[in-house]
Amino acid sequence: EASRCALTCLTKMLSQKKAVSAFLREHRILLKTAYDATRRALVEQGLPHLRARAGLFLLLDLRKYANTREETCSLWQILLDECNVNITPAPCLGCPSGWFRLCFAYNPIEKTVNAVAKIGQMLKAYDAS
């Protein structure tokens, strides 16, 4: 019963073409704003990454700091423990070691930019040691 009710509500919402169009237009703008701010922060911190063509995340190339699955997981743990930043180790997603997925679409922009700054500062300190 509940799923039929939810499906009915969803069908009614999606049938409102103007509202759906306005919703999608607004969220495209918000997503682009978040993407652009995240890319700027990555460039400012000198963090190599792949440009996204679409989606909700960017891939960070941290192979300079992690070449194996174990090193990638270790770097993830350090970022989590020392910076309080959780980026997904790409090997968990079937990608090569040293890559990380940074989602820019979930948190407020300022929080994502601050997380990028923390990553950059931690890696610069590592380079200096």
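**Cysteines.** I began with Cys5, which is partly exposed because its relative accessibility is 45%. The model I am working from is predicted. I then looked for a bonding partner: the closest cysteine sulfur to that of Cys5 is in Cys9, at 4.5 Å, which is too far for a bond. A disulfide needs the two sulfur atoms within 2.5 Å.

Next I checked Cys83. Is Cys83 buried or exposed? Its relative accessibility is 8%, so I noted Cys83 as buried. Its closest cysteine sulfur belongs to Cys73 and lies 17 Å away, again too far for a bond. I searched the whole structure as well and found zero disulfides.

**Sheet.** I traced the strand order and got β1-β2-β4-β3, an open sheet of four strands with antiparallel pairing. The edges are β1 (49-50) and β3 (88-89), each of which pairs on one side only. For the pairing of β1 with β2 (residues 57-61), I found two bridges and an antiparallel run. Which residue of β2 is the bridge partner of His49? I read it as Leu60.

I then looked at what packs on the sheet. Helix α2 (residues 17-45) does, and it touches β1, β2 and β4 (99-103). The direction of α2 makes about 10 degrees with that of β2.

**Helix α2.** I compared the length of α2 with expectation. The helix has 29 residues, and its first and last C-alpha atoms are 42 Å apart, close to the 42 Å expected at 1.5 Å a residue. I listed its buried residues as Ala34, Tyr35, Ala37, Thr38, Arg39, Ala41, Leu42 and Gln45. The cover over these buried residues includes β1, β2, β4 and α4. Just after the helix, I noted that Gly46 has a positive phi of about 70 degrees.

**Helix α4.** I repeated the length check on α4 (residues 109-128). Its 20 residues should span 28 Å at 1.5 Å a residue, and the end C-alpha atoms are 29 Å apart, so the two agree. Which residues of α4 are buried? I recorded Thr112, Ala115, Val116, Ala117, Ile119, Gly120, Met122 and Leu123. What do the buried residues of α4 pack against? I found α2, α3 (69-83) and β4.

Terms used
Residues numbered from 1 in each chain as written. Predicted model: local features only at pLDDT ≥ 70, side-chain atom pairs only at ≥ 80, totals over all residues. Heavy atoms only, no water. Buried < 20%, exposed > 50% of the residue type's maximum accessible area, 1.4 Å probe, protein only. Pairing = 2+ DSSP bridges. Contact = heavy atoms within 4.5 Å. Axes fitted to C-alpha atoms, helices over the stretch in contact; angles between N-to-C directions. Expected span 1.5 Å × (residues − 1).
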